[in-house]
Amino acid sequence: MFRSGHSKQLTIVRVLSLCAIIAALALSSCGGGGGSNQPACPPCASQETSFWAADFTTNSYYCICAAEVATGGARSRIFAEHSRALPLLLSGLQTEFDTNIYPADTNNFGSEPNPGIDNDPLITILLLNIKDGLSGAGSSYVAGYFDPGNEYPLSANPYSNRREMFYLNINPVLINSGSITAADFYTILAHEFQHMIHWEQKTHLKGLDDDTWLDEAMSEAAPTYIYGPSCGRLDDYEQDPSNSLTDWKGTVADYGIAYMWSQYFKEQFDQPQPGGSIFKQIMQQNSTGVTSVDNALASIPSSRRFDTTFYDMSIAIASGVTTSTWWPGHPEWTFTSIETWPSTCGSYTIPGIFNNPKFQNITTLPLLGPSSITFSSYTPTAISATTGTVTWNTTSGSLAAFIDYGNNKLTTGLVSGVSYSYTTAGLLVVSNPSYTAVASGGSVVRSSVSTLAPAISLSPKLMLESANASSQALGRPRSVCVQSAFKDREKEMRRKGFKPGF
Amino acid sequence: MRAVPYVISACLLLTVVSSSGWAMGSNNSGDMISATGVIRVKGNAPFTRVVLVPQGEDPDRVTKDKVYLVTGDLARQLMERDQNRTVTLLGTPCTSPSPEYQKCITPVEIQRSGK
């Protein structure tokens with residue numbers, strides 16, 4: 001499902017549901033199924049066509065009548081519910097799809113079902129007021145969806161429209177309030193079109209059903225080929241950067257990490273020639289999930305694999321664009337298009353990874369889910385110190401890198417139990433490259449290294465307090481020699497080059 | 001806060017999967033079956049499906065006709081806890097509510113192998 005990062009007051013949730021299909025099919029089957037109970041839409045007006053659509057408030061299907069409102073498209077035909085006029089907001093929709101989205105998605109991912117189940121090369125875009133319970137500002141809504149059930153004959157799915165199609169929500173509350181822009185619709189369409197292509201390439205042509213995380217990650221990449229990086233998705237990621245990439249639970253954080261992964265792969269492995277998208281290579285593999293990614297990398301060819309790239313990506317996320325010049329010769333450790341450091345991106349304030357208060361001086365790192373990353377920034381334990389060390393201890397599974405920001409230094413392949421020093425601040429990046437197993441995040445011992453040589457050991461005041469606290473101080477006053485403190489001060493002055501004044 | 005509607009969506013999805021699964025299961029003879037394999041989440045959201053890839057099949061190469069669509073109350077638990085893990089499901093066969101799958105199981109018990 002697409003999770004838009006563009007919403008301001010309303011959260012875009014395109015909730016269609018297998019549930020709806022399943023519920024409807026269940027009801028149908030429970031009622032006896034078969035052709036005699038085949039649900040049928042009532043007739044529409046002569047110039048209209050009937051469509052099944054999902055009612056998310058009841059998890060059922062219902063019929064609508066819609067008229068074709070935009071004809072002559074090279075790639076698409078647009079229908080609007082109840083013969084409504086094409087909203088002004090979407091006046092450019094057909095042109096955008098036909099001239100930008102269609103060529104970009106097919107070029108980077110592959111062909112959709114064409115002519116498909118309806119033997120029509122044109123793709124239907126149905127504009128309707130989606131029944132999602134939208135009640136106004138602050139309410140969630142379904143912006144649009146692709147329903148693979150429409151690719152099946154009625155014998156398999158009685159609610160199939162038997163055509164290649166998308167649904168887009170033109171609820172007046174959305175359109176008139178400015179909660180959704182034309183650009184939002186275009187992004188959604190590019191995202192959903194990838195799902196249609198994915199279904200064709202993997203499910204229809206190869207009989208496979210891809211992992212959700214990969215299908216969604218590739219749909220996250222689709223709009224960026226046309227409209228560039230998504231600030232909303234970057235923000236989604238940084239709100240929960242430790243979410244698993246490959247365990248899909250349908251949260252916003254799932255889309256955040258999927259977006260980051262797809263952008264990393266796009267930057268690292270897309271070839272410059274037309275059709276040179278790494279995602280097209282993944283799509284052509286006769287496999288799914290991580291195996292299809294590994295096979296695609298091998299076909300480029302590249303010696304890198306999913307697990308090693310995941311580790312590299314964890315460093316790139318820590319680095320962003322800011323440190324792109326810090327690791328010369330290692331483009332795999334930076335992003336070129338995504339700045340992960342604190343910044344303003346569009347209407348979003350990106351919190352950043354480094355020095356993020358949520359991930360600072362953590363000594364017990366969390367358990368890492370499959371394909372996940374954790375970060376922690378460190379500062380010296382003593383306020384006066386400028387140099388510190390971290391010692392990362394782990395039992396198994398995870399890999400770590402450390403960035404010493406004071407010296408612009410990156411250490412990869414951290415060894416458990418070894419101390420690593422830094423100046424001013426450091427960032428520990430721990431990743432679990434396994435997509436099947438959890439791993440320990442480990443623990444960290446942090447300390448300070450004094451940069452004053454020699455340090456003044458104890459002030460006279462502390463010496464007196466220490467003496468007073470000892471058992472020997474009981475009974476009668478005792479003298480304390482504080483000469484060492486003055487000697488330490490003199491040594492420091494001499495170290496700095498000062499000499500006696502005579 | 002933004003995650004809330006998605007979580008609700010997931011709940012709705014699995015609730016309906018659950019409901020339909022039980023409805024379908026009740027149409028069967030009630031014979032219990034067991035299936036051992038790896039749990040995966042498949043398909044584009046929100047049409048995601050929890051499936052079990054039978055032991056001996058490569059989860060990244062198996063075709064749809066060999067895997068079990070998992071329905072019922074425990075599907076959500078499997079999605080939350082057991083992705084990419086090997087489990088044994090004890091349950092009833094069901095008529096697949098999805099046109100994508102032929103095999104279907106509504107588990108009543110999950111046995112975890114420890115991985």
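Which residue of E12(A) does Ala401(A) stand opposite? Thr412(A).

Ground rules. This is a predicted model, where local features need pLDDT of at least 70, side-chain atom pairs count only at pLDDT 80 or more, and totals for chains, interfaces and linings use all residues. Residues are numbered from 1 along each chain as its sequence is written, and chains are lettered from A and ligands numbered from 1 in the order in which they are written.

Strand E11 of chain A covers residues 399–404. Helices (H or I, at least four residues) and strands (E, at least two) are DSSP runs, numbered from the N terminus. E11(A) pairs with E12(A), residues 409–412, in the antiparallel sense, over four bridges. Two strands pair if DSSP finds at least two bridges between them. These two strands form a hairpin with four residues between them. In the turn, Asn408(A) has a positive phi of about 55°. E11(A) also pairs with E14(A), residues 426–432, again antiparallel, over six bridges. There, Leu399(A) stands opposite Ser431(A).

Is E11(A) covered on one face or both? Both. Leu399(A), Ala401(A) and Ile403(A) are buried on one side, and Ala400(A), Phe402(A) and Asp404(A) on the other. Buried means 20 or more other C-beta atoms within 10 Å of a residue's own; exposed is 12 or fewer, partly exposed is in between, and C-beta atoms are placed from the backbone.

Next, helix H10 of chain A, residues 306–319. Twelve of its 14 residues are buried, among them Phe306(A), Tyr311(A) and Asp312(A). The cover includes H7, H9, E9, E11 and E14 of chain A. The expected span is 1.5 Å times one less than the number of residues. Just after the helix, Gly320(A) takes a positive phi of about 60°.

Now the core. The largest nonpolar core has 138 residues. That is a set of buried Ala, Val, Leu, Ile, Met, Phe, Trp, Tyr and Cys residues joined through C-beta atoms within 7 Å. Leu127(A), Leu428(A), Val429(A), Leu52(B) and Val70(B) touch the most other members. H7(A), residues 252–269, gives the most, with 11 residues. Beyond four places in sequence, the contacts of Leu127(A) include Ile78(A), Phe79(A) and Leu168(A). Contact means C-beta atoms, placed from the backbone, within 7 Å.

Last, chain B. Two helices and five strands, in the order α-β-β-β-α-β-β. Of its 115 residues, 55% are buried.

Definitions and conventions. Two residues are in contact if their C-beta atoms, placed from the backbone, lie within 7 Å.
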